[in-house]
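I set out to record what could be looked up in one protein model.

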Amino acid sequence: MKGIVFTEFLEMVEDKFSADTVDTIIEEADPPSGGAYTAVGTYDFAEMASLVTELSRTTGVGLPELLKTFGYHMAGRFEAMYPDYFAEYTSVFDFLPTVEDRIHIDVRKLYPDAELPTMICEMKENGDFTLNYQSSRPLADFAEGLISGCADYYKEQVTISKIDRSQDGATDVEFTLRKT
Ligand code: HEM
């Protein structure tokens, strides 16, 4: 997993909880890398899994909620770091397909070792929009937070529902976005 995910995660923990919480979870998780991450480095996903688990244990907040909060935070950070990707569109329904078709393709060009999910989008005849998230990592809640952060960026009110078809460590979740 790319270091930017770790550096942003620890920033979010400091903002939403405290600098002490950052120290505590690194101490408890005791990651092999030592917990000093650089944005362009690459680290084992297991380190992220243990940091998030320790954060949940330390704060008493459940893992799904923490991952959604992190995804929402990440959407804001991506908007700040790469505004051009967002500014070209006026609706989250036009933007989201470009993550798979363009943004993550650019990410892979920059970082050939990036571990990216597959996200297939479809606009249904009844106006519902579906995003099918598939990954070897259990990050559907993180994806949901990202989606919700992007909807807020475009000031669109949507409900997000999901059907979980994951099995045997392969995450497969279909999100449905509906305008309210
Ligand atoms: C400008 C916008 C975006 C950029 C620059 C970006 C970039 C990245 C990068 C660098 C990673 C880490 C890859 C790794 O750890 O090896 C990543 C992972 C991920 N991205 Fe994006 N991303 C963007 C938008 C989005 C959006 C809007 C979504 C969701 C709809 C999304 C979903 C994910 C997920 C879920 C992962 C975690 C890996 C996994 O689930 O397997 N990304 N992205």
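**Conventions**

I worked from a predicted model, in which local features need pLDDT of at least 70 and side-chain atom pairs count only at pLDDT 80 or more, while totals for chains, interfaces and linings use all residues. Residues are numbered from 1 along each chain as its sequence is written, and side-chain values use heavy atoms, with hydrogens and water left out.

**Overall form**

I looked up the secondary structure and found eight helices and four strands in the protein chain. Helices (H or I, at least four residues) and strands (E, at least two) are DSSP runs, numbered from the N terminus. In sequence order the pattern is α-α-α-α-α-α-α-β-β-α-β-β. The radius of gyration is 16 Å, close to the 16 Å of the globule rule for 180 residues, so the chain is as compact as a globular protein of that length. That radius is taken over C-alpha atoms, and the rule is 2.2 Å times the number of residues to the power 0.38. The C-alpha trace spans about 50 × 35 × 35 Å along its principal axes.

I noted that 45% of the 180 residues count as buried; buried means under 20% relative accessible area, exposed over 50%, and partly exposed in between (1.4 Å probe, protein chains only). Among contacts with a separation of 6 or more, 58% join residues 24 or more positions apart, a contact being heavy atoms within 4.5 Å.

**Domains**

I found the chain divided into domain 1 (3-61) and domain 2 (67-179); these bounds come from an automatic or database domain assignment. The C-alpha centres of the two domains lie 22 Å apart. Their contact takes 10 residues from domain 1 and 12 residues from domain 2.

**Largest pocket**

On a 1 Å grid over the protein atoms alone, a cavity is a set of points where a 1.4 Å probe fits but cannot get out, and a pocket is an open set with protein on both sides within 12 Å along at least five of seven lines; lining residues have an atom within 4 Å of a point. Grid points are joined across faces, edges and corners, and a volume is the space filled by probe spheres set on the points.

The largest pocket holds about 840 Å³. I counted 34 lining residues, with Phe78, His104, Val107, Leu116 and Leu146 nearest the centre. Helix α7 gives the most to the lining, with six residues. Elements that each supply at least two residues include α1 (3-16), α4 (63-81) and β2 (129-135). By class the lining has 28 nonpolar, two polar and four charged residues. Ala, Val, Leu, Ile, Met, Phe, Trp, Tyr, Cys and Pro count as nonpolar, Asp, Glu, Lys and Arg as charged, and the others, Gly among them, as polar.

I put the second largest pocket at about 150 Å³. Its lining includes Phe45, Met48, Leu67, Leu139 and Asp141. The elements giving two or more residues to that lining are α3 (45-59) and α4, and α3 gives the most, with five. At least three residues come from each of domain 1 and domain 2.

**Single residues**

I placed Phe142 in helix α8. Phe142 counts as buried at 13% relative accessibility. Leaving aside residues up to four places away in sequence, Phe142 touches Leu67, Phe70, Gly71 and Met74. Phe142 and Lys124 are 18 residues apart in sequence, and their C-alpha atoms are 24 Å apart.

I then checked phi. Most residues other than glycine have a negative phi. Asp30, in the loop between α2 (19-29) and α3, has a positive phi of about 45° and counts as exposed at 60% relative accessibility. Asp168, in the loop between β3 (158-164) and β4 (171-179), has a positive phi near 50° and is exposed, with a relative accessible area of 78%.
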